[in-house]
Amino acid sequence: MFNRLPPLNSLRAFEAAARRGSVSAAARELNVTHGAVSHQIKALEAVFGTPLFERNGKRLKLTPQAALLLPALTHAFENIAAATALVTRPSTSGSLRISCVPALLSFWLIPRMHQFSEQFPDISLTLVASNDPELLYSPDIDVCILYGDGTWLDCWARLWSNLQLFPVVSPTLMNSRAVRSVRDLRDHVLLHGDDGREWNTWLAAADALDMPRGRQHFMSDARLSTEAALSGQGVALGDTITAGSLIAQGELVVPFDLSVPANDAFYVACRNEVRSAPIVKVFVDWFFSALESDRGAEPQASARRAIRGRGRVDALAGAAESFTPVSRARAAAQRPVKRRLKS
């Protein structure tokens with residue numbers, strides 16, 4: 001019985017020579033000289049006290065003892081190689097499961113998936129449309145992007161972005177029934193992406209909380225209310241992040257120059273034990289850097305321009321030419337609101 005293993009270099013030289021059937025082939029595989037392989041094999045034969053090869057011509061033939069040794073060595077070296085690959089493989093490979101607020105997923109993350117995939121081609125994404133914080137504690141989800149207050153327990157959470165909310169409407173609906181003042185909202189369907197709190201916040205800032213309202217539709221999330229606005233079903237509340245591209249492309253227009261802070265914000269969150277995983281870190285870092293890249297980019301810049309109250313079509317970043325907001329009517333409805341907001 002051996003108290004310790006034979007020298008690893010000798011075992012490696014023997015295994016390569018036995019598998020390849022040639023000392024020269026083993027030397028090329030191991031990137032050493034023919035003499036070095038021969039020397040290691042002789043050293044191993046000395047350790048075992050028995051020959052390992054029968055040398056008949058150029059082809060090596062295993063002795064019975066060597067035939068017993070080879071399968072175990074080959075298997076062991078394959079396992080070592082596989083384990084080494086796992087340890088040294090790039091941290092940017094594998095599968096990542098992400099839950100994301102539906103509106104942010106549809107209108108912001110999915111349009112940028114190609115950017116992430118180009119940078120990290122070995123990461124496969126599984127995307128789930130949800131704003132359920134319970135998924136934070138599910139082993140089936142690695143990272144959650146949530147709209148909320150960020151006070152979830154027993155997890156890591158970081159603020160991604162605050163939001164400013166403002167009404168958005170399709171150019172088609174705007175051309176057929178213009179929204180020139182807050183009072184005109186009485187003649188339009190209000191589209192809610194929540195229980196009504198966010199529209200109430202905006203109407204309160206516009207001093208129109210008690211304004212008689214027409215028909216209202218309530219939907220489970222902002223993605224649905226935004227899609228309803230895109231199809232001309234009414235007026236929804238948008239924000240500079242999820243509605244930015246739609247405004248830039250002229251699919252939505254902003255009839256008022258009044259925006260209000262959203263009740264909640266977007267957060268990136270995950271379980272504490274997952275946060276240190278390299279694959280999670282690269283996604284979170286990319287997610288924040290992508291937002292920073294957008295800060296001065298056209299989609300969000302267009303949305304911000306649209307709510308600055310220029311009163312001109314070009315402020316709507318490509319909105320329909322036939323829609324020109326009436327500046328004086330809008331100013332009359334909103335200048336008092338601005339003074340109150342500043343005080």
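Predicted model: local features only at pLDDT ≥ 70, side-chain atom pairs only at ≥ 80, totals over all residues.
Biologist: What do the side chains of E15 and R12 meet in?
Modeller: They form a salt bridge, at 2.9 Å from N to O. The term requires a side-chain nitrogen of Lys or Arg within 4 Å of a carboxyl oxygen of Asp or Glu.

Biologist: And how far apart are the closest N and O atoms of E15 and R19?
Modeller: They are 2.8 Å apart, in another salt bridge of E15. E15 and R19 are four residues apart in helix 1, again about one helical turn. An α-helix has 3.6 residues a turn, so residues three or four places apart point the same way.

Biologist: Is E15 buried or exposed?
Modeller: E15 is buried, at 2% relative accessibility. Buried means under 20% relative accessible area, exposed over 50%, and partly exposed in between (1.4 Å probe, protein chains only). R12 is partly exposed at 28%, as is R19 at 36%.

Biologist: Which residues are linked in a network of salt bridges?
Modeller: The network links R12, E15, R19, R20 and E29. A search of the whole structure finds 12 salt bridges.

Biologist: Changing topic, which residues of helix 3 are buried?
Modeller: V37, S38, I41, L44 and E45 are buried there. They cover an arc of only 125 degrees around the axis (taken from the directions from the helix axis to the C-beta atoms), which puts them on the same side of helix 3. On the other side, H39, K42 and A46 are exposed.

Biologist: What covers the buried residues of helix 3?
Modeller: The cover includes helix 1 (8-20), helix 2 (23-30) and strand 1 (53-56), where contact means heavy atoms within 4.5 Å.

Biologist: Just after helix 3, what phi does G49 take?
Modeller: G49 takes a positive phi of about 70 degrees.

Biologist: Finally, how many residues of helix 5 are buried?
Modeller: Seven of the eight residues in helix 5 (residues 102-109) are buried, among them L104, F107 and W108.

Methods: Residues numbered from 1 in each chain as written. Heavy atoms only, no water. Helix = DSSP H or I, 4+ residues; strand = E, 2+ residues; numbered from the N terminus.
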